[in-house]
Structures are given as C-alpha cells and as structure tokens.
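Please consider the following model with its sequence at hand.

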Amino acid sequence: MARLYEYQGKEIFKKSGITIPEGEVAKTPEDARKVAEGIGRPVVVKAQVWAGGRGKSGAVRFADTPDEAEKVAGDILGMEVKGLEVKQVLVEEKLDIAQEFYAGVIINSAREVRAPVLMFSTEGGVDIESVPEDKISMLNVDVLRGIQPYDTLNMALSLGVGGKTLRQVGDIIYRLYSIFRKYDCRTVEINPLVFTKGGKVYAADCRMAIDDAGVFRHPELGIRIGREFLKEPTEFELMAWKFEEDDFRGTSYVAQMAGESEFRKGGYIGYHGIGGGAAILGVDALNKVGLKVADYADTSGNPTASKVYRVAKIILAQPDIEGYFLAGFMMANQEQWHHAHGIVKALREEIPKRPGFPAVILLCGNTEKESQEILKEGLKDLPGRIEIYDREHVYDAKFIGGRVRALVDEYRKEKGL
Ligand code: GDP
Ligand code: MN
C-alpha cells in the first residue's frame, strides 16, 4: 500500500467536491507564517508524516496569530513522530468543532465479502477500532452494482444524523467511494469528519493509501515506489526498485537499513535473504553475534538469475560493508539454480576487488544439488573467504551466524580494523 500525505489526499478531496479547511503546506516556519497570514484567522499546524495519532504526539497544534504559527511550525518541523522526521507541515484554518464523525472506505477481506466496505460513525476523532460496533454503520459494496446516493444517506440516518447535516454527510460518503474507485485505493478515511458550529461539514483529516498494483495508473500522484514504505525512499532504494518495477518474474525487495556514515563504524554486513520469515531469521542470526545489516534484501517467488544478480550487485556496492551473507534459511519451493547463477556472477565481479572479503552462502530447496555444484564450481578460484552451506544447516541460525562472525573477525584483523 503506497501512502499519501494528508495534504495530498485533501487536494483530491477538494477536486472531488468534498469540503476541506482552507490551508496550504509549508516547509519552513516562515512559510507557515505566510500561510497563516493569508488565512487571517486562528490556524492548526499539522505534521505531514505517514503516521496516525499525531494529535497525541504533539504534532497537531493550534496558533491564534501568524507569529504563533511560525513558532509552532518551528517546533513541529524537524521533530520525530513515531520515528519519522517531520519535513512539512499543513497550516489550515482552525475549525470550530461541534461534533466529530468518522467516514471511511477500506477493503473488507473477510472470505465471504472481499469487497470495499463503507463505514460511518458519529464517534469520530478517536481510533475507529475503539468504537463499539453498534456505533458504526457499515455497507459492503457490490462493486458491479455500485452504490446509490440513498445508500449513504441511509448509513448516516441509521445513526441518528438528521437536519442540515444529513445531506452533507451522505454526500461526502458517496464521494468518498468514488475517490476510492477512481484512485485504486486500499484505504481512504476521514477522521475526524467535522461538523462545525456554523453547520458545515469538513474533512479535517485524510488517510489515503493506493493499491500497489494500481500505482502505475496514477503518475499524477508522484508515488515513486509502488509498495508500502514507512518513509520516503532513499536513492539506494530507488535504484533497487528499478529491478522490480517492470519485471514481474519473482520478487525482489530491498530496503536501506543504515546510512553510509554508520557503516564506517564497522560491523555491517551486506544482507541478502530469501523469503519473508526466513529472511528475518537471517537478520536475527547476525544480530545475535553482534553484527548488523546494512540493507535488508529479499529475493523470492522464483526470481530470475538476472534479478538475483542485480540485487547482489547493489548489496555489494555498499561501501565499508565487511561481508556478504546469503541467508536461504528454508527449503525454498523455487528453482535455486537461478539464485546460484546470479550470486556466482555478482561475486565473480566483486570479490577480486576486495581480497579476503567474507561471503557466507546458505542455499537449499528445489534443484539444490545442481545449485551447490554451480556455486562451488563458480566460486572456487576467487580470492575471498567464501563458505557455502546446504540443507544440512537449513535452520541452524546459530552455526551460520557464528561462521559469518568468525570470517568477519579474520577479515577485520587482516585489514587492521
Ligand atoms: P491524527 O491524530 O494524526 O489523526 O490527526 P488529526 O488531524 O485527526 O487531528 C487530531 C485531533 O486534533 C482531531 O481529532 C481534532 O480533535 C483536533 N483538530 C484537528 N483539526 C482541528 C481544528 O481545525 N479545530 C479543532 N478545534 N480541533 C482540531
Ligand atoms: Mn485523524
């Protein structure tokens, strides 16, 4: 799920006819002041990060004057919210809240449904998970039939919404579903949906995520990696995404785990796992012997040799790493000779550049016998500290981790590190 920032989602709301507070995004305290001046009323300053619960973390704050807005923005910009650095704030007119509602569309993944579900509650502004079920009105959508305006009116009506609010709320839920379809969303939520003392309904927040498989249809959203990421992708991650973007043969997943200045402190390994949980087991094996992963890479789902090769190459391109570890900690149901070929090619190109470099390879699963032969034959004359293991050590994290540690220690000693 590729996430959008609140301000991006709100731009879509505005285009789609859902009322949002007047405001603009700012990257500096001075810009925040200008936006507040333009609004000319008390404002709310909100951190733009891919995390909820900002209110409770002090990342949503109010300001009565432009001076105050500048100060508050200065406090919020640069702060960390759930481990994410705030680089932008949204400065908006402060709403005079009479009541907070919730409206959202998500995917109901229950086996008998598997369709979008519309949700509305009169208990907004809090975690929707904590709202009792009888306070939430839900409608599973038949996607072929779609929805009618009376469907969403009925949802609001069933929770006692009436008068001037009813039509506005029904209209917003109806439009929310159109947005969900048009932008291939997995999630689009408004929490809180604010009913003001002046009798108007506004989307005061927006949480929106696009289905990875639909990202390519929406270049206008500027999403650079069609995958769930906690923060903006790094250059390294963007390069690795190139292998994946147009090649659906197997999967590669590559994330940067530390910066180059960290690597120089020592103890970092170029990490290459195979298959979700097994790949995590490999990280654990390293951590238990005091080593850290420079990257987290995973090639699985029967990838081609070329995809494995490219991933191995980018792993080995990281400066100051002290080893390469292919952690195939499972009997993978994929033809492992593709991995063997890819790894051999990458190591043949890279190991001669750094004599004595440690490389521990654990590979088992289909075509294991052939894979082992390819590895042994292909790597036998290289000037590295290379060890190759098979199913005999398949879940033996302690032993394999110990071997990586031992080779890294030898290498460090030799290099005088
Ligand atoms: P979240 O905590 O990350 O979901 O951020 P929200 O945008 O939902 O803001 C958190 C809370 O701040 C909301 O539930 C509101 O109670 C409050 N809040 C946000 N905007 C306004 C506003 O314009 N006026 C008032 N009075 N409260 C607001
Ligand atoms: Mn919210």
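The paragraphs that follow describe selected elements and their contacts.

The model is predicted: local features need pLDDT of at least 70, side-chain atom pairs count only at pLDDT 80 or more, and totals for chains, interfaces and linings use all residues. Residues are numbered from 1 along each chain as its sequence is written, chains are lettered from A and ligands numbered from 1 in the order in which they are written, and side-chain values use heavy atoms, with hydrogens and water left out.

Helices (H or I, at least four residues) and strands (E, at least two) are DSSP runs, numbered from the N terminus. In helix α3, residues 66-76, the buried positions are Ala69, Val72, Ala73 and Ile76; buried means under 20% relative accessible area, exposed over 50%, and partly exposed in between, with a 1.4 Å probe and protein chains only. Viewed down the axis of α3, the buried residues lie within an arc of 100 degrees, so they line one face of the helix; the arc is that of the directions from the helix axis to the C-beta atoms. Asp67 and Lys71, on the other side of α3, are exposed. The cover over the buried residues of α3 includes α2 (29-39), β3 (43-47), β4 (60-63) and β7 (89-93), where contact means heavy atoms within 4.5 Å. After α3 comes Gly78, with a positive phi near 95 degrees.

Two packed helices are described by the angle between their axes and the distance between the axes. For helix α10 (residues 337-350) and helix α11 (residues 368-379), the axes come within 8 Å and cross at roughly 10 degrees. Such axes are lines fitted to C-alpha atoms, for helices over the stretch in contact, and angles run from 0 to 180 degrees between N-to-C directions. The crossing makes α10 roughly parallel to α11; angles under 35 degrees count as roughly parallel, over 145 as roughly antiparallel, 65 to 115 as roughly perpendicular and the rest as oblique. On the α10 side, the contact is made by Trp337, Ala340, His341, Ile343, Val344, Leu347 and Arg348, and on the α11 side by Glu370, Ser371, Ile374, Leu375, Gly378 and Leu379.

The aromatic residues come next. The structure holds 11 aromatic pairs: rings of Phe, Tyr and Trp (its six-membered ring) pair if their centres lie within 6.5 Å, and planes under 30 degrees apart count as stacked, over 60 as edge-to-face and the rest as tilted. The ring centres of Tyr253 and Tyr296 are 6.4 Å apart and their planes are at 70 degrees, so this pair is edge-to-face. Tyr253 belongs to strand β14 (residues 251-256) and Tyr296 to strand β17 (residues 295-300), so the pair ties together parts 43 residues apart in sequence. Tyr253 is partly exposed at 29% relative accessibility, whereas Tyr296 is buried at 15%. Tyr271 and Phe325 also form an edge-to-face pair, 5.9 Å centre to centre with 65 degrees between the planes. Both Tyr271 and Phe325 are buried. Ring pairs link Tyr253, Tyr271, Tyr296, Phe325 and Phe329 into a cluster.

Val283, found in helix α8 (residues 276-288), is buried at 14% relative accessibility.
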